[in-house]
Amino acid sequence: MAKQKKNDVEWTQWCELYEYVKKEILQYDENQKIHQSLVLRLKGLASGKFIENNNISSSAKYDYNIILRTFQVCKPTILTATKNKTFGSEMAKFVYICAIVEHNINDVYMRLQKAEQSKEKMTVADTSVLYHEGADYITKTEKGKTNLENLW
């Protein structure tokens, strides 16, 4: 059952990545789909390969969430770099985009790891020292009587 749950999470992450790349990076509309060779290139990022292929050994292991976050971080760079450049094909454009992502993926991975470590430290931190029971305020005059009443 746990393996099925992992596959569901992985599938959800893949779908989010696919849709983000399709709409935000490649700027396709609803009628277009990403070509299979581009999908294999995208899946290759997860295993550190140029293209997903069982004949090539993996050199890394990133989940699709890391790849998605890297695309999000690199989006301004990608859009600026591809805006004024002419490509011979969609594959050439996507290889160029993936090169930008590959260049930044380890930085994003390390940032997310540090964020996760910080979150774990916060849950483990002893917050009992942060509580301070202060003194209560004690009035020195009788209630209802003010110093101005004594003047008249």
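## Helices, rings and charges in a predicted model

Among the elements of the protein chain, helix 1 has the lowest mean pLDDT, at 85, while helix 3 has the highest, at 95. Those numbers are confidence scores, and they matter here since this is a predicted model. Taking the protein chain as a whole, the mean pLDDT is 85, and 82% of the residues reach 70 or more.

Let's start on the inside. The largest nonpolar core has 28 residues, and the ones that touch the most other members are Leu-17, Val-21, Ile-34, Leu-42, Ile-67, Phe-71 and Ile-78. At least two residues of this core come from each of helix 1, helix 2 (36–47), helix 3 (64–83) and helix 4 (90–124). Which helix gives the largest share of this core? That would be helix 3, with seven residues.

Leaving aside residues up to four places away in sequence, Phe-71 touches Leu-17, Tyr-20, Val-21, Ile-25, Leu-42, Leu-45, Ile-78, Ile-97 and Val-101.

Now for the aromatic rings. A search of the whole structure turns up four aromatic pairs. One of them joins Trp-14 and Tyr-18, with 6.1 Å from centre to centre and 50 degrees between the planes, which makes a tilted pair. Where do these two sit relative to each other along helix 1? Trp-14 and Tyr-18 are four residues apart in helix 1 (residues 2–25), so about one helical turn separates them. Trp-14 is buried, with a relative accessible area of 8%, and Tyr-18 is buried as well, at 16%.

Another tilted pair is made by Phe-87 and Tyr-96, whose ring centres are 5.5 Å apart and whose planes meet at 55 degrees. Is Tyr-96 buried or partly exposed? Tyr-96 is partly exposed, because its relative accessible area of 32% falls between the 20% limit for buried and the 50% limit for exposed.

Trp-14 and Tyr-18 also belong to a group: together with Tyr-64 they form one aromatic cluster. Rings can have charged neighbours too. Lys-43 lies over the face of Trp-14, 5.0 Å from the ring centre. Over the face of Tyr-96 you'll find Lys-85, at 5.4 Å from the ring centre.

Time to turn to the charged side chains. In general, side chains of opposite charge can pair when their charged atoms come close. The count here comes to five salt bridges, and the table shows some of them.

| Salt bridge | N to O distance |
|---|---|
| Lys-23 and Glu-19 | 3.5 Å |
| Glu-30 and Lys-23 | 3.2 Å |
| Glu-24 and Lys-75 | 2.6 Å |

Lys-23 and Glu-19 are four residues apart in helix 1, so about one helical turn separates them. Lys-23 is partly exposed, with a relative accessible area of 36%, and Glu-19 counts as partly exposed at 31% relative accessibility. How accessible is Glu-30, and what does it count as? Glu-30 has 58% relative accessibility and counts as exposed, because the cut-off for exposed is over 50%.

One last stop is Ala-92, which has its place in helix 4. At 34% relative accessibility, Ala-92 counts as partly exposed. How far apart are the C-alpha atoms of Ala-92 and Leu-38? They are separated by 9.7 Å, although the two residues are 54 residues apart along the chain.

Terms used. Residues are numbered from 1 along each chain as its sequence is written. This is a predicted model: local features need pLDDT of at least 70, side-chain atom pairs count only at pLDDT 80 or more; totals for chains, interfaces and linings use all residues. Side-chain values use heavy atoms; hydrogens and water are left out. Rings of Phe, Tyr and Trp (its six-membered ring) pair if their centres lie within 6.5 Å; planes under 30 degrees apart count as stacked, over 60 as edge-to-face and the rest as tilted. Buried means under 20% relative accessible area, exposed over 50%, partly exposed in between (1.4 Å probe, protein chains only). A charge sits over a ring if NZ of Lys or CZ of Arg is within 6 Å of the ring centre and within 35 degrees of the ring normal. A nonpolar core is a set of buried Ala, Val, Leu, Ile, Met, Phe, Trp, Tyr and Cys residues joined through side-chain atoms within 4.5 Å. Contact means heavy atoms within 4.5 Å. pLDDT is the predictor's confidence in each residue, from 0 to 100. A salt bridge is a side-chain nitrogen of Lys or Arg within 4 Å of a carboxyl oxygen of Asp or Glu.
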